[in-house]
Amino acid sequence: MPIREDGQKVVGLAPSRQSSFYGRDIVSVRQFSREDLAYIMGVADEMRSIVKRVGATDLLKGYVLANLFYEPSTRTSSSFIAAMQRLGGAVIPIHGVQYSSVSKGESLPDTIRTLECYADVIVLRHPEVGASEVAARYCSKPVISAGDGIGEHPTQGLLDLYTIYTELGTIDGLHVAMVGDLRNGRTVHSLARLLRLYDTRLSFVAPDLLRLPEEIKEELLAAGRPVAETDRVEDIIANVDVLYVTRVQKERFADLRLYEAVKDYYEITPELMAQAREKMALMHPLPRVGEIHYDVDDDPRAAYFRQMENGMYIRMALLAAVLGKA
Ligand code: NCD
């Protein structure tokens with residue numbers, strides 16, 4: 001794997017400005033410092049203003065992204081494509097791996113070695129925890145994880161953090177509650193780990209079966225974050241700045257009877273929102289399958305559609321940054 005003395009990968013053209021993102025893989029949010037996060041959110045702001053003013057730029061003209069998805073996706077895959085296209089780059093979309101050589105039994109390392117011949121950066125979604133790290137080891141170009149099983153979803157974590165910041169103007173000092181499938185929800189794992197870097201209070205709301213993994217709870221406690229757990233939204237809704245709701249991850253259940261037992265545990269309704277603060281953000285990584293009632297959508301605190309839009313700006317920022325063009 002060709003890497004430079006400073007540990008970064010060699011990604012072709014000289015960067016217009018060095019950043020700590022240049023040539024880096026993005027496989028876990030644990031790799032980021034607060035400075036990194038401030039930098040990438042600042043670049044996302046710039047991307048938003050470019051898109052609002054002129055729609056697109058040619059910053060990544062001549063660059064190619066391989067978008068490799070082994071699991072279903074709507075938002076993550078299409079926002080990466082839109083991000084690359086709005087930066088003037090091109091995309092190789094591989095979304096139905098059943099039509100690629102994966103269906104002939106090709107291994108992940110061989111598929112990655114193939115795509116790095118054609119592309120400058122690879123986005124990978126895969127059902128196995130740690131798959132992005134494996135891919136990154138075999139790849140001389142930057143690999144960006146778009147979710148690895150029940151592990152992490154670092155770019156979603158970044159766009160969630162960015163949404164909290166844009167909705168509420170700060171991250172320090174906030175009380176953030178996460179609701180739903182905290183055990184299998186990779187977006188929860190990434191966002192919780194990011195929030196450990198800020199002066200936040202965290203509440204986790206889930207039935208026993210879906211509680212946050214011990215390992216992550218320990219990371220939060222080690223970082224000095226107060227952590228509370230309950231199984232009732234009613235216990236916390238009046239006191240939170242952010243309510244981050246998630247879907248029960250059906251595809252992670254070996255026994256569907258267990259899924260059936262917990263799938264309808266939570267539903268955020270207008271009646272529940274009436275108990276929440278006037279200034280707060282209701283978020284969801286989407287897709288939703290019943291956890292937030294459609295009647296809540298017009299509530300100004302419902303931030304999930306803005307959250308989704310923010311995903312494109314964060315992904316534009318990340319693509320430009322790892323290719324040394326931010
Ligand atoms: C999430 C995922 O894939 O983990 N979706 C997304 O990328 N916005 C959340 C989910 O599927 O529940």
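How far does a polar side-chain atom of Arg-247 lie from an oxygen atom of the ligand? The distance is 2.8 Å, which falls under the definition of a polar contact, a pair of N or O atoms within 3.5 Å. This is a predicted model, in which local features need pLDDT of at least 70 and side-chain atom pairs count only at pLDDT 80 or more, while totals for chains, interfaces and linings use all residues. Residues are numbered from 1 along each chain as its sequence is written, and side-chain values use heavy atoms, with hydrogens and water left out.

An N or O atom in the side chain of Arg-186 likewise lies 2.8 Å from an oxygen atom of the ligand, whereas Gln-156 places a polar side-chain atom 3.1 Å from a ligand nitrogen. Of the 320 Å² of accessible area that the ligand has on its own, the protein covers 93% (Shrake-Rupley method, 1.4 Å probe).

The residues around the ligand, each with a heavy atom within 4 Å of it, include Thr-76, Arg-125, His-153, Thr-187 and Gln-249, together with Pro-285, Leu-286 and Pro-287.

The chain is divided into domain 1 (17–153 + 311–322) and domain 2 (154–308), with bounds from an automatic or database domain assignment. Their centres, taken over C-alpha atoms, are 24 Å apart, and the contact between them (heavy atoms within 4.5 Å) takes 34 residues from domain 1 and 31 residues from domain 2. The shell around the ligand draws at least three residues from each of these domains.

Definitions and conventions: Polar contact = N/O pair within 3.5 Å; in protein donor to acceptor, adjacent residues only side chain to side chain.
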